[in-house]
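Open the model in your viewer and keep the selection tool ready. This tour tells you what to select next and what is there.

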Amino acid sequence: QVFLVDGNAHFNRPGPRLVEALEFLVALLHERWELIPDGFAWEMFSFVPEAAGQPQAVPRVSATLASANDVAFEVVQGVEDLSLLATVVLPPHAGVHSAPVLTPDVEEAYLGACAAGRNQYKDPVSGYACFMEEALSTRANCCGNRCRHCPFGHYKVTQKHRGPRLNRITAPYLLPISGAGPAAERTTLLILTAGQLPLAAARVQQLRSESAVESITLLVVVDPGSRQIWASRDIPEGDNLSLIMDWSLEHKMPCLAVPVSVAQAQACAPAGGMLGVMAAVLRQAQATLSPGQVVQIACVQDEQVLPTLPWVVGLEAGLAGWGAATQAVDLQLLTRPL
């Protein structure tokens, strides 16, 4: 077995983090995963022999360093209990923080503030107060200033003025459109992946003309350990979360982002594999918005094909599509996709 860790943060320099590194090694050697310190970034790879007898590294977690709670899993094929769809929910996610890259000094200040229950810390370089995710989330919207700990994935950050979006989305958030007025009392969730963006505008027009849909909210599932999102048949290269965000802003359509970690997917898998995960995602979407606000679901393309989660290895889509998932959460599925 091979384990990857952040050597610069925990192993390569003297300091209190060496104690955390030692605790990690003890937990690793004795397979006592609950002893791994909170926030300790690590990743596990396993080796599966190829036909020719040569070892092949197979990632067991997402492409970025995940938290100790995101140990990868293998879904046992054929084990499905569709009756669990009626109650399946996403368990709480104890994942990594939203900023993907922090210097050791900044990360130490950040983790110290987390341990003390504070929502800000003093930047060790500038001396300025730096707000953390808890404080910034009270704004309920991205300010566009590329805050270090923006919990909204730098939704309104523009490449031209602030540089690329970097942050991850580690909690469910509605990303609203500025100046759009109050949220609609009833909305339709549009299932959208980056590969479906070329058809999205036509599907929106179809929904508004044929089904009299007035309010549409985009639904996207993200990896809390990176900026990966769910995928359809074709996965465009690059930052696909930014592609969705740009489309959302251009078309003035709010976006609901629901993170699903490997561990969360594992908890939902017994309720029908990917079908169980998608039912839990819809239930989380209902809980994130106002009660009764979500009234129906629409797909851009074939509603019988569930998206995949590229960061989850071994999760099968199963035999059913969005019809079974929407039925499990008492929502209507608008058919006739493009």
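**Before you start**

This is a predicted model, in which local features need pLDDT of at least 70 and side-chain atom pairs count only at pLDDT 80 or more, while totals for chains, interfaces and linings use all residues. Residues are numbered from 1 along each chain as its sequence is written, and side-chain values use heavy atoms, with hydrogens and water left out.

**The whole chain**

Show the protein chain as a cartoon. It has ten helices and eleven strands. Helices (H or I, at least four residues) and strands (E, at least two) are DSSP runs, numbered from the N terminus.

Now colour by burial. Buried means under 20% relative accessible area, exposed means over 50%, and partly exposed is in between (1.4 Å probe, protein chains only). Of the 338 residues in the protein chain, 46% are buried.

Next, think about contacts, meaning heavy atoms within 4.5 Å. Take those between residues at least 6 apart in sequence: 68% of them join residues at least 24 apart.

**Helix α2**

Select residues 17-30. This is α2, with 14 residues. From first C-alpha to last it reaches 20 Å, close to the 20 Å expected at 1.5 Å a residue. The expected span is 1.5 Å times one less than the number of residues.

Which residues of α2 are buried? They are Arg17, Ala21, Phe24, Ala27 and Leu28. Look down the axis: these buried residues fall within an arc of 125°, so they line one face of α2. The arc is taken from the directions from the helix axis to the C-beta atoms.

Turn to the face of α2 away from the buried side. Leu22, Leu29 and His30 are exposed there. Then step just past the helix to Glu31, which takes a positive phi of about 55°.

**Helix α6**

Select residues 197-210. Helix α6 also has 14 residues. Its reach from first C-alpha to last is 20 Å, close to the expected 20 Å.

Highlight Leu197, Ala200, Arg203, Val204, Gln206 and Leu207, which are buried in α6. They cover an arc of only 165° around the axis, which puts them on the same side of α6. On the other side, Pro198, Gln205 and Ser209 are exposed.

What do the buried residues of α6 pack against? Show β7 (187-191), β8, α7, β10 (294-299) and β11 (332-334). Just after α6, pick Ala212: its phi is positive, about 55°.

**Glu133**

Move to helix α4 (residues 133-137), where you will find Glu133. Glu133 is buried yet has no salt bridge. A salt bridge is a side-chain nitrogen of Lys or Arg within 4 Å of a carboxyl oxygen of Asp or Glu. The nearest side chain of opposite charge is Arg168, 7.3 Å away. For charge, Lys and Arg count as positive and Asp and Glu as negative; His and the chain ends are not counted.

Leaving out residues up to four places away in sequence, Glu133 touches His97, Ser98, Ala99, Tyr110, His149 and Pro151.

Most residues other than glycine have a negative phi. Look at this loop with that in mind.

Arg146 lies between α4 and α5 (159-162). Its phi is positive, about 60°, although Arg146 is not a glycine. Is Arg146 buried, exposed or partly exposed? At a relative accessible area of 29%, Arg146 is partly exposed.

His154 sits in the loop between α4 and α5. Its phi is near 55°, a positive value. His154 is buried, at 2% relative accessible area.

Now step into α5 and pick His161. His161 counts as exposed, at 62% relative accessibility. His161 and Arg146 are 15 residues apart in sequence and 9.9 Å apart in space, C-alpha to C-alpha.

**Last stop: Ser226**

Go to the loop between β8 (216-222) and α7 (240-250), and select Ser226. Ser226 is buried, with a relative accessible area of 9%. Its side chain makes a polar contact with the side chain of Asp223 (2.8 Å). A polar atom of the Ser226 side chain also lies 3.1 Å from the backbone nitrogen of Gln228.

Technical notes:
Polar contact = N/O pair within 3.5 Å; in protein donor to acceptor, adjacent residues only side chain to side chain.
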